[in-house]
Amino acid sequence: MSLAIYRKYRPKTFEDLLGQSHIVNVLKNAARQDKLAHAYLFYGPRGTGKTTAARLIAKIANCATRHNNKKFKETGEPCNACSRCSEIDTGKALDVVEIDAASNTGVDNIRDLQEGIKLSPTSYPYKVFIIDEVHMLSKSAFNALLKTLEEPPAHAIFVLATTEFEKVLPTIVSRTQKFHFRKLDINEIAQKLKKIVSAEKMSVSSEAIELIASIAEGSLRDAESLLDQVTTLDEKVDEKTVEQVLGQVSFSRTAKLAEIILKSDLKGSLEYIAEINEGGYNVVDLTKELIRYFRRALGLKFDERLETIFKKELTAEELNQLKKHSQLINPDKHIKLLQTLIRGYSEMRYSPFASIPLEIAIIESLRNATEPRLD
Ligand SMILES: Nc1ncnc2c1ncn2[C@@H]1O[C@H](COP(=O)(O)OP(=O)(O)OP(=O)(O)O)[C@@H](O)[C@H]1O
Ligand SMILES: [Mg+2]
Ligand SMILES: [Zn+2]
């Protein structure tokens, strides 16, 4: 099997670590000034670069060019040419120990670790311990780790990573330099996917790339795995392929349905749902997306500043359409619709008649608009 995209395209320099410039700058400076800390805590959502940055620290701590090399002093980047850099890249470095706390929660393992820490590195200046999902450690393992962090030996660097910051004991947190990894925005994700697509000579349309970037919800790893999945077919990938392979409904389809509803066109709405259903798309997903769409449109109606947040999740064209639709929002009517849709969504996931709750929600909301009033 070929190497998964997300492994093949793991950034080898800080420069390539996207969207985390606040972290990258601090770490590059620390490298240049020879001021690496003994313990770091990287936290933030999945697939945003935590493990990648931890390995970069292992490289800058140990890269053969680290001392007396002009380029290193200028850039704070690993050389990626020395044997240590390449051993760390390929996971063959004995002095870089990666521990997945999710599968080693027992105290024994941390005791092993404590023993291991006392030993000097075998061939590198620094032993780097990367402890992934550190929040999963048992309480006693936490305490053992704490003891180690209280007096770390001079040759050890710890990088703790977690997606759940709140679950890490405060006593551990306070002994580390903390860095918050943020979700990547849709443009940053699309930009990297485009580079991969052209490097791999894949045939993927830009609409398809944008859809993948939006489904990934801020995680570059998810985006790269999705790209892997849709390109295994070896055909030209367009928006429709992505929708069908991933069972997702695109923004444009959701926006179209929203527009028909906002124009109070009951007949048109039902026809459109039937069309989507027959096209083999996932109606449960359509409902979820429709809820998100109305939620955003409603939000924008009341607070234009939300635009800065939505900009990270939507393309410029999508945002324009959303803004146009938010003008058509009638708060009383559409809050009620949103409530019915949410109720419908939880029912339809367990129902063999998935489209019915969606249809009922729309009929309830629109029938008064189309029926002649009797009073
Ligand atoms: N900020 C980023 N810039 C460029 N590529 C990234 C970034 N974040 C993630 N990636 C891509 O996703 C892959 C996985 O990233 P990484 O293992 O660093 O994520 P993580 O934050 O450790 O996620 P998890 O919390 O799930 O362990 C990388 O190999 C890379 O291809
Ligand atoms: Mg990780
Ligand atoms: Zn090097």
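Hi everyone. The protein chain here has 19 helices and 5 strands, where helices are DSSP runs of H or I with at least four residues and strands are E runs of at least two, numbered from the N terminus. This is a predicted model, in which local features need pLDDT of at least 70, side-chain atom pairs count only at pLDDT 80 or more, and totals for chains, interfaces and linings use all residues. Residues are numbered from 1 along each chain as its sequence is written, with chains lettered from A and ligands numbered from 1 in the order in which they are written.

Now the overall picture. The C-alpha trace spans about 85 × 45 × 40 Å along its principal axes. Of the 375 residues, 38% are buried, meaning that 20 or more other C-beta atoms, placed from the backbone, lie within 10 Å of the residue's own. Taking contacts (C-beta atoms, placed from the backbone, within 7 Å) with a separation of 6 or more, 75% are between residues 24 or more positions apart.

Let's go to helix α10, residues 206-215. How many of its residues are buried? The count is 7 of 10, so to speak a mostly covered helix. The buried ones are Ala208, Ile209, Glu210, Leu211, Ile212, Ala213 and Ser214. Their cover includes α9, α11, α12 (239-246), α13 and α16 (307-313). After α10 comes Glu217, with a positive phi near 45°.

The axes of α9 (residues 186-199) and α11 (residues 220-231) come within 10 Å and cross at roughly 40°; axes are lines fitted to C-alpha atoms over the stretch in contact, with angles from 0 to 180 degrees between N-to-C directions. The crossing is right-handed, that is, the near helix is turned clockwise from the far one by less than a right angle. Ile189, Lys192, Leu193 and Ile196 of α9 meet Leu220, Ala223 and Leu227 of α11. By class, that contact has 6 nonpolar, no polar and 1 charged residues; Ala, Val, Leu, Ile, Met, Phe, Trp, Tyr, Cys and Pro count as nonpolar, Asp, Glu, Lys and Arg as charged, and the others, Gly among them, as polar.

Last pair: α13 (residues 251-262) and α14 (residues 266-278), with axes within 8 Å and crossing at roughly 160°. That makes the two roughly antiparallel (over 145 degrees). Their crossing is left-handed, with the near helix turned anticlockwise. Arg253, Lys256, Leu257, Ile260 and Ile261 of α13 make the contact with Gly268, Ser269, Tyr272 and Ile276 of α14. Thanks, everyone!

Note on methods:
Two residues are in contact if their C-beta atoms, placed from the backbone, lie within 7 Å. A residue is buried if 20 or more other C-beta atoms lie within 10 Å of its own, exposed if 12 or fewer, and partly exposed in between; C-beta atoms are placed from the backbone. Angles under 35 degrees count as roughly parallel, over 145 as roughly antiparallel, 65 to 115 as roughly perpendicular and the rest as oblique.
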